[in-house]
Amino acid sequence: MTARIISGTEIRESILEEIATEVDRLRAEHDTVPGLVVIRIGDDPASVSYVKLKSKTAQRLGFHQVEEFHPEDTSEARLLELIAQYNADPKVHGILVQLPLPRHFDEEKVLLAIDPDKDVDGFHPVNAGRLLIGEDVRFPPCTPAGIQEMLRRAGVTTEGAEIVVVGRSNIVGKPVAVLLMQKGETANATVTVVHTRTVDMAAHCRRADILIVAAGRPGLVQPEWIKPGACVIDVGVNRIGEKISPKTGKKVADLQGDVDFERAREIAGWITPVPGGVGPMTIAMLMRNTLRSLQLSLGQP
């Protein structure tokens, strides 16, 4: 048996087409479009790349898009002023401060300064609380929301399923566990979260109908840990070196997931690749959250 590949790249394109259609409708009916502000402090190479991709996607969809790039020595007070400015701007529906910030910033203080109704990353404690309670969930964190959407569109049954999440981060592990245990569509699962202090992690993984791995450790999950026919969602993107791109002939990052993909695909029923799996979904969900913010501001359900 060879697993079916769940392509985040293909699913992302479908979602972006849906968003673009809705943006066109809002422009025609309300003379408005979603507004997204992306703020980057400093020149961290990964942050530069991520922000560029987010900005290009927003522009492609016809968003009102603002890029704020500031040097690394920018003061925390100045960043808080910018956030306050965009909190009050009715043309802006989503505010994203690219992390990590330089060391002299208090990241928690910065994230708390963003209006929860413009927190399209879903990191503000108000939105985390809404997610945990399961009511008035406006902006689920983007990577967990992307995982749930992949499961839905791939036709993977979550209701009554045993799901094991490897990793307990605030960005992926905890929120995806909460999303999938809630009452609702593509949810209603029994969820176990395992981590570095778990005794016999492999035994837990072998029970899983759906195994979500977000540990940040290349090749952590071995094929013998996977239940035959299970769905494996690999969130890990680990740079293990460089390789020559077959398309361009240039050196590119050699990326590996947290799962031994080539061996695991012979056991699993579904599996996500790295790259091209969960990664492309995160920005698509950011765009959908920004669209949702505009819809809420217009009183649309």
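Where is Asp 200 placed? The place of Asp 200 is the loop between E6 and helix H8 (201–207), and the views below start from the whole chain and come back to this residue at the end. This is a predicted model, in which local features need pLDDT of at least 70 and side-chain atom pairs count only at pLDDT 80 or more, while totals for chains, interfaces and linings use all residues. Residues are numbered from 1 along each chain as its sequence is written, and side-chain values use heavy atoms, with hydrogens and water left out.

**Figure 1. The whole chain.** The secondary structure comes to 10 helices and 11 strands; helices (H or I, at least four residues) and strands (E, at least two) are DSSP runs, numbered from the N terminus. Along its principal axes, the C-alpha trace spans about 55 × 45 × 40 Å. A compact globule of 301 residues would have a radius of gyration near 19 Å, and the 20 Å of this chain agrees with that; the radius is taken over C-alpha atoms, and the globule rule is 2.2 Å times the number of residues to the power 0.38. Buried residues make up 49% of the 301 residues, where buried means under 20% relative accessible area, exposed over 50%, and partly exposed in between (1.4 Å probe, protein chains only). Of the contacts (heavy atoms within 4.5 Å) between residues at least 6 apart in sequence, 70% join residues at least 24 apart.

**Figure 2. Helix H7 and its surroundings.** Seven of the nine residues of helix H7 (residues 173–181) are buried, so the helix is largely enclosed by the rest of the structure. The buried ones are Gly 173, Pro 175, Val 176, Ala 177, Val 178, Leu 179 and Leu 180. They pack against two helices, H5 (125–133) and H6 (142–154). Strands E5 (162–166), E6 (190–194) and E7 (210–213) also pack against these buried residues.

Figure 3. Cys 142 lies in H6 and is buried, with a relative accessible area of 5%. Leaving aside neighbours within four places in sequence, Cys 142 is in contact with Val 120, Asp 121, Thr 282, Met 285, Leu 286 and Asn 289. Cys 142 and Ala 284 are 142 residues apart in sequence, yet their C-alpha atoms are 8.1 Å apart in space. Thr 143 also has its place in H6 and is buried, at 13% relative accessible area. The side chains of Thr 143 and Thr 282 make a polar contact of 2.9 Å. A polar contact is a pair of N or O atoms within 3.5 Å; within protein, one must be able to donate a hydrogen and the other to accept it, and residues adjacent in sequence count only if both atoms are side-chain atoms.

**Figure 4. Helix H1 meets helix H6.** The axes of H1 (residues 8–30) and H6 come within 11 Å and cross at roughly 95°. That makes H1 roughly perpendicular to H6. Axes here are lines fitted to C-alpha atoms, for helices over the stretch in contact, and angles run from 0 to 180 degrees between N-to-C directions; under 35 degrees counts as roughly parallel, over 145 as roughly antiparallel, 65 to 115 as roughly perpendicular and the rest as oblique. On the H1 side are Gly 8, Ile 11, Ser 14, Ile 15 and Glu 18, which meet Glu 149, Met 150 and Arg 153 in H6. These residues divide into three nonpolar, two polar and three charged. Arg 153 is partly exposed, with a relative accessible area of 29%, and its side chain joins that of Glu 18 in a polar contact of 2.9 Å.

**Figure 5. Two cis peptide bonds.** Pro 100 is found in the loop between strand E4 (94–97) and helix H4 (107–113). Another joins Val 274 and Pro 275, with omega about -5°. Pro 275 is found in the loop between strand E11 (270–271) and helix H10 (279–297).

Figure 6. Asp 31 has a positive phi of about 55° although it is not a glycine. Asp 31 is found in the loop between H1 and strand E2 (35–41), and at 70% relative accessibility it counts as exposed. Asp 200 also has a positive phi of about 55° without being a glycine. Asp 200 is partly exposed, with a relative accessible area of 45%.

Notes
Nonpolar A, V, L, I, M, F, W, Y, C, P; charged D, E, K, R; others polar.
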